[in-house]
Amino acid sequence: MASVETIDSDAPAVELIVCDASSSDSAANSVGSEEIEPLLAVSEKPKINIFSVSYSRRKPREQVTKSAEDASFTQFILWAWSGSRCSGLLCMALSSTIYCIMEALSDIFSAQSIPLFETAFTRCTVTLILSYFWLRRSGQPIFGPTHVRSLLVSRALMGYLSLLSFVYCIQRLPLSQAVVLSFTTPIMASIMARIILHEKLNIAEIGGLACSFIGVLFIFRPILAAQGGLPKAEEANNIYVGGSDHIYAVLVGLVSSISGGISYCLTRAGAKASDQPVITVFAFGMLGSPAAAICTFAFQDFVLPSFYSFFLMVILAVLAFFAEVFLARGLQLEKTSKATNIQYIEAALSQLWGLGSSKIAPSFGRLVGCFLIFASTCCTMYFGPDKEME
């Protein structure tokens with residue numbers, strides 16, 4: 001309760017007001033709450049104590065290094081794809097490296113024997129699916145522009161003819177001879193590019209291709225000499241009888257190289273005309289998948305793979321898809337003779353992998369062959385980038 005008391009009548013009147021403690025405290029609290037409430041409404045931060053403080057933890061050095069390496073690798077891939085001066089040759093080098101990784105994985109993780117056409121069917125199917133989603137996500141027409149479809153169909157036909165001929169060749173010839181014949185594809189592609197695409201082929205490019213192919217011959221010379229050595233007298237007649245089949249298989253291998261070279265030229269033309277290299281990969285998958293399925297049941301016995309073998313086949317098929325995409329991108333950006341010369345890196349890297357894993361005995365010929373290939377490809381990459389963006 002408030003009381004009023006007068007001290008003196010003559011002196012100035014002083015009025016003392018005594019307020020109740022409870023009422024004053026409530027008034028003060030109400031005023032203070034009105035002043036503080038807006039501040040709390042703005043921030044609304046919870047109270048912090050020693051149990052609620054979040055201490056910042058530094059990332060381990062290994063994690064920081066790994067994230068930096070991943071970012072650097074991604075930036076390198078994007079730079080190689082972007083269309084810079086060396087992009088075409090780098091894409092071809094990445095494609096050859098992926099093929100070498102596939103070979104290394106096949107050596108490390110051995111699985112059950114799968115027929116070649118069945119393996120081709122798996123790779124073509126995975127290629128078809130991944131390229132379809134790639135094109136849908138990028139907003140590109142699935143079947144390509146109208147004026148490019150004839151090129152895409154021709155590229156698919158030539159590509160599958162090359163695959164079919166190579167499968168026949170690898171079944172009829174020793175593996176080393178079939179591989180050497182397959183490495184004539186860059187030479188055939190350069191010749192066909194001169195005829196079909198009217199690309200100029202100068203002396204330096206011819207010398208680079210010749211140097212790389214001689215390196216391949218040096219690498220496989222011991223095996224070729226062992227397989228093609230002079231026969232004994234009693235074995236001469238049997239070998240002569242089978243000679244016609246051997247020559248026929250070699251001719252089929254050359255057909256595979258020629259059709260592969262034409263396929264490279266059509267891939268370059270289709271990728272440049274459509275401005276999308278993945279369309280050429282999708283076209284090959286559309287034809288190759290059903291054709292390989294027909295050949296699997298027509299010419300070979302179907303083998304049901306185990307889960308481990310099927311998983312390995314899918315992993316290799318995914319890697320093959322990226323190798324084909326980089327191959328198409330490299331042909332789109334770079335001259336055919338220079339781009340295909342980089343493919344010989346695969347042979348040198350395979351030899352280095354075999355030497356490093358002690359699966360191949362070191363020899364002077366193999367080392368000379370690897371040196372010739374690396375010298376030729378390095379000179380091509382250093383002196384010869386010739387990006388064309390017509």
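Modeller: A crossing is left-handed if the near helix is turned anticlockwise from the far one by less than a right angle, and right-handed if clockwise. Helices (H or I, at least four residues) and strands (E, at least two) are DSSP runs, numbered from the N terminus. The model is predicted: local features need pLDDT of at least 70, side-chain atom pairs count only at pLDDT 80 or more, and totals for chains, interfaces and linings use all residues. Residues are numbered from 1 along each chain as its sequence is written, and side-chain values use heavy atoms, with hydrogens and water left out.

Biologist: What is the handedness of the crossing of helix 3 and helix 14?

Modeller: The axes of helix 3 (residues 87-108) and helix 14 (residues 345-356) come within 9 Å and cross at roughly 35°. Such axes are lines fitted to C-alpha atoms, for helices over the stretch in contact, with angles running from 0 to 180 degrees between N-to-C directions. The contact (heavy atoms within 4.5 Å) includes Ser96, Tyr99 and Glu103 of helix 3 and Ile345, Leu349 and Trp353 of helix 14. The crossing of helix 3 and helix 14 is right-handed.

Biologist: How many helices and strands are there in the chain, and what percentage of its residues count as buried?

Modeller: The chain has 15 helices and 0 strands. Buried means under 20% relative accessible area, exposed over 50%, and partly exposed in between (1.4 Å probe, protein chains only). Of the 390 residues, the share that counts as buried is 38%.

Biologist: Which residue forms a salt bridge with Arg155?

Modeller: A salt bridge is a side-chain nitrogen of Lys or Arg within 4 Å of a carboxyl oxygen of Asp or Glu, and the structure holds 4 of them. In the bridge of Arg155, the closest N and O atoms are 3.9 Å apart. This pair links distant parts of the chain, from helix 5 to helix 12 (residues 307-333), 169 residues apart. Arg155 counts as buried because its relative accessible area is 7%, and its partner is Glu324.

Biologist: Is Glu324 buried, partly exposed or exposed?

Modeller: The relative accessible area of Glu324 is 22%. Glu324 is therefore classed as partly exposed.

Biologist: Which residue forms a salt bridge with Arg268?

Modeller: The closest N and O atoms of this bridge are 2.7 Å apart. Arg268 lies in helix 10, and its partner, 69 residues apart from it, lies in the loop between helix 7 and helix 8. The partner is Glu199.

Biologist: Which residues are linked with Glu205 in a network of salt bridges?

Modeller: Glu205 in helix 8 and Lys338 in helix 13 (residues 336-341) are 133 residues apart, and the closest N and O atoms of their salt bridge are 3.9 Å apart. Lys338 is buried because its relative accessible area is 14%, and Glu205 is buried because its value is 7%. The residues linked with Glu205 in the network are Lys335 and Lys338.

Biologist: Which side chain of opposite charge is nearest to Glu118?

Modeller: Glu118 lies in helix 4 (residues 116-138) and is buried, yet has no salt bridge. For charge, Lys and Arg count as positive and Asp and Glu as negative, while His and the chain ends are not counted. Leaving aside neighbours within four places in sequence, the contacts of Glu118 include Thr296, Gln300 and Met313. The nearest side chain of opposite charge is 12 Å away and belongs to Arg123.

Biologist: Which backbone oxygen lies 2.8 Å from a polar atom of the side chain of Ser165?

Modeller: Ser165 is in helix 5 (residues 149-172) and counts as buried because its relative accessibility is 8%. Not counting residues up to four places away in sequence, Ser165 touches Val252, Val255 and Ser256. The backbone oxygen in question is that of Leu161.

How values were computed: Polar contact = N/O pair within 3.5 Å; in protein donor to acceptor, adjacent residues only side chain to side chain.
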